[in-house]
Amino acid sequence: MALDIEAATKLPPKVITVRVRRYNPETKKIWWQEYKVETHKGMTMLDVLLDIKENTDHTLAVRYSCRMGLCGSCGVNINGTPMLACQTQVSQVTSNARPVVTVEPLPNFPVVKDLMTEFSDFFNKHRSVKPYLIRKDTEEQENPKGHLKMNPEEFIDILQFSNCIFCGLCYSSCPVVAADPEYLGPQALMYTFRFINDVRDEGHKERFAIVDSEHGCHRCHFAATCSAVCPKAVDPAGAIQGLRSKLFKYRLGFFKKKSSEVLSAPPEKGERVPLPPEATTLPGVDLKQFEKEPVVIKLPKE
Amino acid sequence: MSDDEKFRSLEMENRQGFWKASLNPWLIRAKNNPERVAFVLHRVTGFIIIAFLLAHILETDSPVWSQYAPINGLSGWAAWTYIMGIESAWWARLGEWIVAGAVLFHALNGFRLLLTEFFGLGIGKPVEPKPPYEAPTLNAPQRTWLYIEFVVALVLWAFSAFLIFG
């Protein structure tokens with residue numbers, strides 16, 4: 001979900017009621033618990049949950065790490081929308097007319113305890129699409145002699161998709177994942193597209209073979225909720241449609257993969273020719289005067 | 001219960017399943033997402049069209065199957081005329097009108113999906129991500145097509161009411 005920047009400037013209701021869907025794995029009991037929390041300006045939902053954990057109920061299980069929307073650990077379902085708790089302002093989800101907010105674990109993930117969910121299925125699907133550069137010349141890949149060429153436009157093509165933080169919000173909001181547990185999911189398919197788009201990569205045939213299946217990219221119905229809830233604008237919905245159109249071309253035999261060459265290595269030290277001193281000094285500097293009174297700068301010994 | 005079974009049972013508890021996911025566009029409340037409404041409508045209209053198709057096959061085939069299973073003691077062309085009589089009732093016409101709306105929406109939305117899914121048209125190009133982080137596909141031409149298609153389907157649906165009830 002796009003960041004609500006204005007929400008941080010608004011004042012949330014003084015006291016809010018938080019309804020948390022809890023789960024105890026030992027007794028297998030699911031119940032709703034209500035907490036009253038005093039708020040302050042700029043308070044996020046993660047602050048609310050940690051406040052509960054610190055002052056009211058120590059048994060509440062929450063997963064978090066960075067508190068600034070970079071690690072993707074604190075994804076929860078707030079008022080029915082999968083969101084990062086650390087990026088959601090209390091003023092964004094509550095109002096003075098309705099100072100109640102419900103917090104649930106992410107749907108489509110098995111729950112470990114309370115708000116913590118099990119991500120192993122999600123990561124296994126991510127691994128299954130080979131999320132790494134594949135080169136035909138494996139020897140060159142193991143012992144690279146130079147950089148691979150890539151211009152800024154080609155870099156922008158993959159930058160957006162590389163921004164994924166693996167928070168699992170897209171996966172939890174997908175109606176197809178809800179219906180088909182084997183479906184690869186928006187995140188894995190987006191990563192496939194990211195590597196097929198990458199000019200340095202040469203493993204598109206292997207990846208097309210993986211996603212061209214019953215539970216692959218053809219399963220997507222373009223509900224686009226994945227893009228609507230994504231906190232980093234990675235846009236998995238657009239990526240899956242791009243992947244499909246490329247796969248369509250590939251199956252018809254029209255797909256042409258852009259390839260990248262290996263740049264020649266930089267010259268050795270001895271080959272470098274130093275510039276004349278006139279070219280490296282600022283205008284107005286008298287080189288002859290400088291020779292008479294040199295400015296000596298003592299560098300610390302290594 | 002083994003660990004794997006435990007994992008699966010936990011998984012199913014928190015998964016909404018096919019019916020809830022296909023019939024409720026507000027199962028996940030996301031802002032700025034009419035595509036989800038279109039997805040649910042596409043699926044529901046698909047169900048309506050399949051139901052109509054099955055009924056249509058039964059109806060056109062009635063002179064044959066009524067010889068083996070007579071309706072109200074009628075068989076052959078008499079059964080056909082009887083079924084045609086039922087279909088001129090107001091509720092059958094209402095059903096016909098609903099089918100007309102379903103076909104209109106399904107066809108228009110299907111055309112949009114063909115363009116986006118097979119040819120990659122109307123979806124956003126990758127951009128440099130900047131706050132407030134809005135996905136480019138949600139502001140791309142496919143969104144405009146979606147609104148146009150909603151309006152055109154509604155107008156044609158209203159017109160089909162004149163043809164069916166008029």
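Between the two chains of this predicted model, the side chains of E117(B) and R244(A) form a salt bridge at 3.0 Å, N to O (a side-chain nitrogen of Lys or Arg within 4 Å of a carboxyl oxygen of Asp or Glu). The rule finds 1 salt bridge across the interface of chain A and chain B. Polar contacts there involve 14 residue pairs, both residues at pLDDT 80 or more; such a contact is a pair of N or O atoms within 3.5 Å where, within protein, one must be able to donate a hydrogen and the other to accept it, and residues adjacent in sequence count only if both atoms are side-chain atoms.

As for the interface as a whole, 54 residues of chain A and 46 residues of chain B are in contact (heavy atoms within 4.5 Å). About 4200 Å² is buried between chain A and chain B, with carbon and sulfur atoms giving 61% of it; buried area here is the accessible area (1.4 Å probe) that two parts lose on being put together, summed over both.

Within chain A, domain 1 (6-117) and domain 2 (120-252) can be told apart, with bounds from an automatic or database domain assignment. Their centres, taken over C-alpha atoms, are 30 Å apart. Contact between them draws on 14 residues from domain 1 of chain A and 15 residues from domain 2 of chain A. The buried area comes to about 1000 Å², 63% of it from carbon and sulfur atoms. On the domain 1 side, P82(A), N108(A) and F109(A) lose the most area to domain 2, together 48% of what that side buries.

The largest nonpolar core has 61 residues, and V18(A), M45(A), V48(A), Y183(A), L189(A) and L243(A) have the most contacts inside it. A core is a set of buried Ala, Val, Leu, Ile, Met, Phe, Trp, Tyr and Cys residues joined through side-chain atoms within 4.5 Å, buried meaning under 20% relative accessible area (1.4 Å probe, protein chains only). Both domains of chain A give residues to this core, so it lies between them. A second, separate core of 10 residues includes C170(A), C226(A), A228(A) and L138(B).

Residues are numbered from 1 along each chain as its sequence is written, and chains are lettered from A and ligands numbered from 1 in the order in which they are written. Local features need pLDDT of at least 70, side-chain atom pairs count only at pLDDT 80 or more, and totals for chains, interfaces and linings use all residues, while side-chain values use heavy atoms, with hydrogens and water left out.

Notes:
Buried means under 20% relative accessible area, exposed over 50%, partly exposed in between (1.4 Å probe, protein chains only).
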